[in-house]
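Welcome! Take a moment to look over the sequence and the structure below, and then we will walk through a few places together.

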Amino acid sequence: MSEHIPLARPSWTEGMRDAAMATLDSGQWVKGPHGRAFSQEFAEYCHVSYAAPCNSGSGALIAALRLLDIGIGDEVIVPSMTFIATATSVSMVGATPVFADVHPDYWCIDVNDVQKRITEKTKAVIGVHLFGQTYDPALIELCRKNKIGLIEDAAQAHGTSVLIGGERRMSGSLGDIACFSFFPSKNMAVGGEGGMITTDHEAIGSRMRSIINHGRDGTLQSQEVGTNMRMSEVFAAIGRKQLEHLDQWLELRRNTAKQYASAIDQNELITAPSTFPDSEHGWHQYCVKVDDAAHFITYMSGKNIDARVFYSTPCHQHPVYASHPQHDAKIDVTESICTRLVAVPIHHGLTDKERSRVASALEDYA
Ligand SMILES: Cc1ncc(COP(=O)(O)O)c(C=O)c1O
């Protein structure tokens with residue numbers, strides 16, 4: 001039997017190990033130079049003025065909602081087709097998530113459906129760059145026109161970009177605030193749990209570091225409700241090393257995506273993912289659309305290749321939202337695709353041989 005190919009495989013180099021060990025040896029485990037440097041380097045990478053490392057992508061979302069002063073009585077529109085943290089972060093600050101549908105071809109939040117769901121209570125939209133693809137830039141204009149906030153859930157989209165008015169705009173700069181995750185399966189990681197918040201707004205940037213540090217200012221007075229959502233120095237040191245590799249890793253993912261697309265071209269039982277015009281996909285996940293996901297997963301498993309449905313339960317149908325007004329609502333596109341999108345391995349740690357094995361499996365699927 002050939003070797004197992006997992007859906008994710010975090011990268012770990014000597015440079016990362018040295019950075020982690022040196023930080024531990026230094027005794028400065030929190031609030032130090034690596035956190036400050038990581039913020040600056042990540043902000044530069046995203047072409048924004050401010051960034052703050054934090055404890056997770058979920059923590060980043062909660063901080064972002066608080067930074068937009070969202071709480072009880074407010075509504076926040078989110079796609080139902082996403083990881084549950086997008087929705088539960090809204091509930092965690094006491095606001096109500098309103099679930100929107102996704103685009104039938106690109107699977108990111110559907111801007112026309114968002115428009116229909118805006119009410120007087122809507123304070124913001126959380127757009128998700130699903131599977132590593134930036135959302136439709138029309139969402140930026142819609143939020144601006146309606147004077148509502150736009151939070152980017154960029155947990156899956158490090159290094160993803162889109163052309164807007166001839167300018168290449170990075171994820172992290174496509175909303176009022178963006179939230180990244182460094183969970184080990186993501187396009188870059190930190191050796192544990194971690195996240196990052198980015199913004200270009202001075203008013204938000206000046207509060208960002210404080211909200212993840214008990215709302216304290218330079219005199220240690222708490223100016224607003226915050227908590228400890230800081231990132232450790234060890235994780236920041238590892239994150240800085242990972243960031244140095246990100247572009248090269250994205251290139252590998254993009255080449256793999258091309259290889260898979262040409263393999264799928266030969267197979268009418270599989271639909272390849274579509275890329276939004278002018279966008280540069282980050283390929284956090286390569287999800288194919290099939291009619292019979294269970295059959296496809298069993299077939300891939302027979303070839304010792306991991307494959308998994310994303311996301312078989314749309315957020316509004318999770319038990320946590322059993323009393324939500326939309327729990328039994330029909331959200332058409334989401335329901336038609338949620339059991340049919342199956343991720344196959346595309347991570348940057350794949351060897352040429354592994355890539356070819358996945359491509360051949362896609363080509364031969366019957
Ligand atoms: C779209 C999305 N949002 C939010 C999160 C939450 O990030 P974390 O796991 O770092 O809390 C994730 C991570 O899995 C995600 O994929």
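## A short tour

H324 counts as partly exposed because it has 19 C-beta neighbours inside 10 Å; a residue is buried if 20 or more other C-beta atoms, placed from the backbone, lie within 10 Å of its own, exposed if 12 or fewer, and partly exposed in between. This is a predicted model, in which local features need pLDDT of at least 70, side-chain atom pairs count only at pLDDT 80 or more, and totals for chains, interfaces and linings use all residues. Residues are numbered from 1 along each chain as its sequence is written.

H324 sits in the loop between strand 12 (308-309) and helix 10 (332-337). Helices (H or I, at least four residues) and strands (E, at least two) are DSSP runs, numbered from the N terminus.

Most residues other than glycine have a negative phi, and most peptide bonds are trans.

| Residue | Phi | Loop |
|---|---|---|
| N304 | about 60° | between helix 9 (293-302) and strand 12 |

D278 counts as partly exposed, with 14 C-beta neighbours inside 10 Å, and N304 counts as partly exposed with 13.

Now for a pair of helices. Helix 3 (residues 57-67) and helix 7 (residues 202-211) pack at an angle of about 130°, their axes 10 Å apart. Axes are lines fitted to C-alpha atoms, for helices over the stretch in contact, and angles run from 0 to 180 degrees between N-to-C directions. The contact is made by A63, R66 and L67 of helix 3 together with I204, R207, M208 and I211 of helix 7; two residues are in contact if their C-beta atoms, placed from the backbone, lie within 7 Å. The buried residues of helix 7 are G205, R207, M208, R209 and I211, and they pack against strand 1 (50-54), helix 3 and strand 9 (195-199).

Which residues are closest to the ligand? Of the 14 residues that surround the ligand, the closest are S56, G57, S58, A155 and S181; a residue is near a molecule if its C-beta atom, placed from the backbone, lies within 6 Å of it. Helix 3 and helix 4 (85-92) each supply at least two residues of this shell.
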